[in-house]
Amino acid sequence: MKIPTKRRSTLLLTLFLLSNHFTAVSTAADSPGPKTRCFIEVGDPHISRFLQERRGIRAVKVDAESRCNFFQNNVILTVTIYKVGRFSDHFVKEFRTDPANPKSSGFRVKNWQTYRECKNDQETTYYGIAFSEAEINGKLLRTVKARSNKSKPLKCGT
Amino acid sequence: MNDYSGTEKSEWEERFFGLILDLGESQSERYKKQAIELLRAKTIRVPIKNSIGFYKLELFDCKFKISHDNGESFVNIGRTRIGWRKQDKLRDLPGFFAHTEASTILDVE
């Protein structure tokens, strides 16, 4: 049976639209699933109030925390600070928790150590990225990278 | 990130930054010598408490690793961007030494 060209293109278009529709429906049905209760929380880049008020030092700081409803062992929580550049973003500082440290195990592991002193008052936009690796129930698991929510300019050139 | 106990965080920051600043003052001569040695050799090993710190200097950054088994294995801990000029490196390295040493000392305690 020969299908006329015009009708054939209409049929192909209909099939194409239908296949897209089913893909969308299928994705929507698959994605929600059970929500994980292990996650990384990254704070926004900020000028450390403690250092500024108590020591008169200005520094940009990003804090992060790895939380889980299961006990996390030997957590390596990595926090990286970047600054926004004109053509590309620039690495500023990275710090990780030491997995050998007993404080790197638990339901809540913190990395409050990532900071960089300001060299001048030049307005700069920063953001932080964090991810972690941990042993949970004997399995080595890694989170996806999480980025800080707000990147507002700070008077802190590095 | 607003549900930390404010006291817990400020107590921790007091100890952490207090130690960094104390080390920066008390060890300033050692840090200057370390920076010069790192510039020359590109890598150095430094005893920190019962561990060994390893610093590697590259053109635009300095990496820090730690070993708790007498140098048999090292774990990456920190990395900082650093200016390419010698004077930038000599200025920035002492602060990085103090940061990494304070972190190691507080982890051990």
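Predicted model: local features only at pLDDT ≥ 70, side-chain atom pairs only at ≥ 80, totals over all residues.
Q: Why does Cys38(A) count as partly exposed?
A: Its relative accessibility is 23%. Residues are numbered from 1 along each chain as its sequence is written, chains are lettered from A and ligands numbered from 1 in the order in which they are written, and side-chain values use heavy atoms, with hydrogens and water left out.

Q: What makes Cys38(A) and Cys68(A) a disulfide?
A: Their sulfur atoms sit 1.9 Å apart, and a disulfide is a pair of cysteine sulfur atoms within 2.5 Å. Cys38(A) is in the loop between α1 (5-30) and β1 (39-42) of chain A and Cys68(A) is in strand β3 (residues 59-83), so the pair ties together parts that are 30 residues apart in sequence. Helices (H or I, at least four residues) and strands (E, at least two) are DSSP runs, numbered from the N terminus.

Q: How do you know whether Cys68(A) is buried or exposed?
A: Its relative accessibility is 8%, so Cys68(A) counts as buried.

Q: What makes the link of Cys118(A) and Cys156(A) left-handed?
A: The angle about its S-S bond, which is -100°. The sulfur atoms here are 2.1 Å apart, and the pair counts as a disulfide.

Q: Why is Arg91(B) said to form a salt bridge with Asp92(B)?
A: A salt bridge is a side-chain nitrogen of Lys or Arg within 4 Å of a carboxyl oxygen of Asp or Glu. For Arg91(B) and Asp92(B), the closest N and O atoms are 3.0 Å apart, so the pair qualifies. Arg91(B), at 47% relative accessibility, is partly exposed, whereas Asp92(B), at 16%, is buried.

Q: What makes Arg96(A) and Glu94(A) a salt bridge?
A: Their closest N and O atoms are 3.8 Å apart, so the pair passes the cut-off. Arg96(A) is partly exposed at 22%, while Glu94(A) is buried at 13%.

How values were computed: Buried < 20%, exposed > 50% of the residue type's maximum accessible area, 1.4 Å probe, protein only.
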